[in-house]
Amino acid sequence: MNLTLILFYVLAVAAVATATGLLLSRNSVYAALFLVLNFATVAIFYLLLGAPFIALVQVTVYAGAIMVLFLFVIMLLGAEKLPRGQVLPWQRPLAIGLAALLLVEAGFLLYQRLQTTAILAAPGAELNTTATLQTLGMALFNQYLLPFEVTSILLLVAMIGAIVLTKQVKGEQA
Amino acid sequence: MGVLGGIPLSGFLAVSAILFTMGALGVLIRRNAIIIFMSVELMLNAANLAFVAFARAYNVLNGQLFVFFVMTVSAAEVAVGLALIVAIFRSKHSIDVDQMSSLKG
Amino acid sequence: MNFALILEWLIKAIVLVLLLLGGFAYLTLYERKALARIQMRVGPNRAGPWGILQPIADAVKLIFKEELMPAQADKLLFFLAPVVTLVPALVITAVVPWGPTLHVFGRDITLYIADINVGVLYIMSVASIAVYGIVLAGWSSNNKYAMMGGLRSTAQMISYEIALGLSFVGVILLAGSASMTEIVTAQKSAWFVLLQPVGTVIFLIATLAEVNRAPFDMPEAEQELTAGYHSEYSGMKFALLFMAEYDKMIAICSIAATLFFGGYREFWFLSNTILSVDRTPWLGPIYIFIKIFVLLFGMIWVRATFPRIRYDRLMAFGWKVMLPLSLALIFITATFILLAQQLNNNLLLAGIPVVSLLVGLAAIVLVNRMLRRKEYARA
Amino acid sequence: MDTLFSLVPLIVFLPVLGLLINIAFGGKMGEKAIGTVASAASGLAFVVSVLLGVALWAGGGAEHVVPLAEWIRIGTLNIPWTFRVDTLSVTMMLVVSGVGTLIHIYAIGYMHEDVRFKNDVGRYARFFVFLNLFIAMMMILVSGDSYLMLFVGWEGVGLCSFLLIGFWYEMDTLGRPSWANSNAAKKAMIANRIGDFGFLLAAFTMFWAFGSLQFGEVFGKASQIAAATPGVILFITLFLLVGVAGKSAQIPLYVWLPDAMAGPTPVSALIHAATMVTAGVYLVARSWPLYSLVPNAQFIVALVGAVTALFAATIAAGQYDIKKVLAYSTISQLGFMVAAVGMGAYVAGMFHLITHAFFKALLFLSAGSVILGMERGHHHLPHHEPEAGHTEELFDPGDMRNMGGLRKQMPVTFWLYIFGTLALAGIFPFAGFWSKDEILLDAARKFPAIYILLTIAAFLTAFYMGRQIWMVFYGKPRHAAAEHAQESPKVMTVPLMVLAALSLLGGLLNFPGIDTLTNWLGHTIEAAEGEVALPAWLAVSWGGFNPWTALISLGLALLAIYISWLIYGRKPLENGQKDPLKQPFGFIFTALERKWYVDEIYAAVILNPYVAISRFLADVIDWRFWHDWFHEKVIAGTYNFVSKTVLDLRIDQQFIDAIANGLGNLTRRVSGSLRRLQNGFVRSYALAVLFGVVIILGYLLLK
């Protein structure tokens, strides 16, 4: 039981707690803030896993851009809360049951592989995955050049799509 | 980097699995379209965590690069998705997904 | 990870935070004095000689003021928002090196809190977090004006963050590293402001927008939004918001000094003398202080000089001018670096400022023409 | 440096990008934007070419081969798409993109007016798409690393030539409805096809003999094969010559080039003077290792070139259309180049190619400026509304007999034209003087007969250019339009000034004693000069310059200009007066006017019998026999019987329809029951997905 392990457990509890907060909070602003906290804890997980670049990108992109966009839309629409009411009464118990089943399966999978595969029991020897910007960049622009370019096209398409979807047709009221 | 020292990989995977399940649950039981959307993000995030953990375990960079691509894709998805929500809100004046059950706008 | 190291970190962090808090207090005085001089006034001069006790008087006043909370406000977030605003402003300076390594008491003391190899990215992340405080303050007040201010700042900060991040790229390319200390070391022969003049200008403009300073102080435009996101705040909570704004200014200026103005390194005419930081390391903090001081004056000067920009123009400027310009700048920088590497001639790097200044000039001319055409079309 | 070399595909893809933009958005963009995009695409290609040149220079001229993709692999035939960057190809790239860019810019102004005179503004974008396509194809031609890649570009530029000659396909050059322009385009296409046939035969033989079409492998094995079977190399080189004759307009396939003037003037300048037609010269220069092995073929090539040079020069002296004169002049100058590369004087040929690109583009574009000036003058005349019953007199803006005295109306164009003329006539110190003299010197040293032919051609060159200057710019206006002619806008004249400067200074490229071009091309072409005993006066030289040959040609040129002044300048033509040469030369001059009746001879010997046979085949064999009888009666009758009685009644209605209807009913019933699952709630669908995930995961776990 060393310091890192304690840190890990604290973070794990925080991650699950914030996810629960997202799941249960009635107000969508609070839900969004819980999700931001969740992203932050996951970013610290990334730091623990020796991926500082991904951690910081996680904070910048998810927390800094995506979630701000969510907040923006929530506030813009003024749709923090929905009135109570349930159209599909059987949906909730069924969903919870299935999710529990999924969790059991995942646990079983982890347990089973823990028995058979050594690598899951303990991570490999001291590794050098401290991905510096250079190595990541080299991999990104050599091995993954095509996906990278495709991503840029994807972003462009998304941008155009967002603009077209939200553009007001002339004469139409908001 | 002795930081990982005592933490087993399965710990990260367990957290990832729990987060994923909660995200899926969020998609299924919430009616607010924006929260459903955020739950999807949570699921993606859980997957990312697993990617990075495996990347660390197998000592390869590919996992981190996948995370990079997942982030880009989810950014694109959020842009379009939020635009859709705004467009739907304009016509329905609500973001309750249960009210979007007809094909006619 | 031994105890002494943790102690060292702790001491450095506390010193830094104290410096920022004290700096905030006297920055307000500095600004009021400088603004007064520019406007042919005297400025604060009652409390203490030359008004140097004025910040303390202000602090006492704010601490004892009654704190109001709107009835329909979201209590928790209303309380948390000032904190969320202040913290990024304080932690962002953690990666800024204040001087070279010192040898004290037989230990090597580094004058920064953390030197991570993605330091510039760290700045981006923290800067992107900073928007939460403002948007939450605006929303939780349950006030239309505050909400508008919050939303405006969200859009504004997200828009200018892109140009800000892209202006970093030129520096990273030139230094070949994203670590702040290595960026400072890379400026040994030439400050990056010489190689990246347009990048520097883009950075400075974008940071003005990031910290919501005039002429980009849309979120708190008094005439339109009373006071924007902090309309409902008073007392100590208001002081925290205020403090965050001024600490952000200091942080931004220290980052600008590090990235573009040689950081803690000496001025070029002092190199190879006894006053260079290579020989006298403890001069580093003094040099960077001078640079921050001058840059801060620049920000105050801008506030005193420029009128506020209309909101639609602000967004148009960010997306249609700053973004393409910074992209072009990256292209130019990368091209010349490649050329210099290929032809093995570092003098080719001089092409970057030349070409980028030309492009910048062309952008100014184009914007000018566009605006004028619009003016005519309206008349 | 290798990074710079890897830029080379851009020289093809930048123009392609430009043309794609113009295809996609040309309809919405303004004319300026279209022209700017096209010019920028070409200009960027020029920048890349310059970078390649710099890289090549820095690397000491060593050639680079940049692979892009695998193209064809069949059996032992393996042809990748590779780019060859050496001094020869880079020289061509610079000429193509440099002159091409200037012409693009010029065309912004030219086409602006041209599409309005011809009443179809919509074709503006199309023109620039074609121009960019041409640049791309030309780049493929000069940068290809194999004969087949070269052939791709060769065909591509032929296609662009076809498209652009027939740009105004539904009218003739005067704008009357007719198929004249499209016939000219077809003529060019067919004449080129004959040449391509020779090229292909050469390429097939090459593959048969060498087993490869890559330059490197072919040239590497050339001497070996030449020792074993010398006839093969002779065969290849002569059939390549057929291709050259087609593309570079040599006897006997030159007839298409004068007709090609039907295209807009920038096209004449770019394709039919500066770049495409020089492809043949490039081909011979590129194939120097083959030609150097067979002196007989060299002599034939040189002879074809020299005869063409003289032959075309005589015709040029008898033409009245300003562009036709330049067209025959181009054929003549191409003859010079072909003769040069044929003699083994590759550098001299390339040198003349470059300088000719400068001054002939200048001349054509200036001629375009003159024609537009005349059009504008014609436009300003008061007879806009023809009276009823009175047909408007037909006005040909390109006819020199309508011009005269234009130097007052169009001073800028006049000076530009003078620059081009002096360069073409080979007057010291203009570019043409240096390059032409290098060719003449080589001819004098190797083949005196060719030297004499070329010298006479050079004399005639100066003569007909002098004649043109006097007729167009001096004397009094012979038509109202010439009186009102107007100068062209800046966007047209500025590129011309650049070209004029190049025409003046182009000689510096290979200035005697410095020999920049010789050294530069020497990295690629190492043709050994045979040691021949020379007479003393020919032995003197600095680089490729000999004072005696230079003096002779300069003297002859000046004499020719003087003679032209005596005939056309001293006493200018009056309106309607016949050409003063007609009196003394009579029949011969009429023959010149009619281009030595070559087109008529071709028509009588080849075209008419061919058309007769075609008509017989089409009318009798194809239509009456195959269509009327075989197709209608035999095939259609059988088909109708089978389809109606057998297939439709029995098989389709009674068998297939039954199956289809049964399936349809089944589907309707099944879907009717499944419809209830489709309740419209997104969350339920998501639940179904999760259900599936749980089931599949469970199956995988328990398997």
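Modeller: A search of the whole structure, which is a predicted model, finds 5 cavities of 30 Å³ or more, a cavity being a set of points on a 1 Å grid over the protein atoms alone where a 1.4 Å probe fits but cannot get out. The largest cavity has a volume of about 160 Å³, where volume is the space filled by probe spheres set on the points, with grid points joined across faces, edges and corners. Its lining, made of residues with an atom within 4 Å of a point, comprises 18 residues, and I92(C), A127(C), E210(C), K248(C) and I252(C) lie nearest the centre of the cavity. Two or more lining residues come from each of α3 (75–91), α4 (119–129), α6 (144–175), α9 (197–210) and α11 (235–260) of chain C, helices here being DSSP runs of H or I with at least four residues, numbered from the N terminus. Among these, α11(C) gives the most, with 4 residues.

Residues are numbered from 1 along each chain as its sequence is written, and chains are lettered from A and ligands numbered from 1 in the order in which they are written. Local features need pLDDT of at least 70, side-chain atom pairs count only at pLDDT 80 or more, and totals for chains, interfaces and linings use all residues, while side-chain values use heavy atoms, with hydrogens and water left out.

The C-alpha atoms of L347(C) and F336(C) are separated by 10.0 Å, the two residues being 11 apart along the chain.

By contrast, T21(B), which lies in helix α1 (residues 9–29) of chain B, is buried, with a relative accessible area of 7%. Leaving aside its neighbours within four places in sequence, T21(B) is in contact (heavy atoms within 4.5 Å) with A99(A), L102(A) and L103(A). The contact of the two chains takes 76 residues from chain B and 86 residues from chain A.

Notes:
1 Å grid on protein atoms, 1.4 Å probe; cavity = no way out; pocket = protein on both sides within 12 Å on 5 of 7 lines; lining within 4 Å. Buried < 20%, exposed > 50% of the residue type's maximum accessible area, 1.4 Å probe, protein only.
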